[in-house]
Amino acid sequence: MEEFQRWQQINVKLHSGADKKEILQDIQDLADDGFKDAQDLLGSFYYQGNEYVQLDKRKAYEYYQKAARQGEDMEQAQYRAYLLANELEIGVPITEVSESFQLLKMSADHKFPAAVIEIASLYVFGNQGKTSIKTNIRQGLHYINLLSESELKAIDKKGTIKKGIDVLRMYVKQQYPDVYREYYKNVSGNVNGVGKAPDVASGNINKSVSNSKNRLSIVMSVASVMMSILALYAGSEIRSMAAVICIAILGMGCGIQGVRHGSKKIAIVGVVFNLLLVLDGLIKVCLFALV
């Protein structure tokens, strides 16, 4: 509780224009006492350099690492500790058992976007730079699909993260099609919908819709032919001509729907048959009127 109160006081000083040396010393003391937010803040100070400290990436790494080791809510510190370890060649080559890689994994598992893309790339492409990570396409796909569509929309206003993920997904689909299909087949039953490739997950839905349309087209096409037959038996007297024309027009509508949804052969027969009946009915009505 005391540390939190000290942290609050520091935040007040940061926004009140207090003496910079005093503020820096307060942050330093709190960081040395193990307060992770102060460690993370000092890491940011040294990572970029500012009015309080000069840029010093090694010190930035040290403070980020201290904050990152405390785990919860330290995703950015974990990711930057990994980046700095890579850049400063600390503990290289970085392997899956390296602390920096474990910090990256913690950050990605907490869905820090940059860490998700980084670890997915490492697993998809294998050794990169100063890392020595074996290619693991299934693990890569796990991280490619870690962020749901709704999460991406919430954190990725410009769409850059989604583009990066889509590029990785497309690469895996093209280079490792068997692993790709197997992975999405295994995760297709995921209740939350996380991990489904758009082209795979939507396939079942599209197939279902297509089946429904096919059934509808068959019904419409058969209805069209049946209405043409009904129209033939409606009679040839003038009072029956209106019924003939109405039935035939309805039959044409059913046939057209059948054509649109795929059952073309039967539907076209119905459309043509009913069109002839409509023309026949109109001709007879005109002739009767002339007489």
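Biologist: Where is K111 found?
Modeller: K111 sits in the loop between α6 and α7; helices here are DSSP runs of H or I with at least four residues, strands are E runs of at least two, and both are numbered from the N terminus. The model is predicted: local features need pLDDT of at least 70, side-chain atom pairs count only at pLDDT 80 or more, and totals for chains, interfaces and linings use all residues. Residues are numbered from 1 along each chain as its sequence is written, and side-chain values use heavy atoms, with hydrogens and water left out.

Biologist: What is the phi of K111?
Modeller: K111 has a positive phi of about 65°, although it is not a glycine.

Biologist: How exposed is K111?
Modeller: K111 is partly exposed, at a relative accessible area of 31%. Buried means under 20%, exposed over 50%, and partly exposed in between (1.4 Å probe, protein chains only).

Biologist: And E89, where does that lie?
Modeller: E89 lies in the loop between α5 and α6. Its phi is positive, about 60°, although E89 is not a glycine.

Biologist: Which residues does the cis peptide bond join?
Modeller: The cis bond joins V92 and P93, with omega about -5°. P93 is in the loop between α5 (75–87) and α6 (99–109).

Biologist: Changing topic, how many residues has the largest nonpolar core?
Modeller: That core has 56 residues, and F101 is among those with the most contacts inside it. A nonpolar core is a set of buried Ala, Val, Leu, Ile, Met, Phe, Trp, Tyr and Cys residues joined through side-chain atoms within 4.5 Å.
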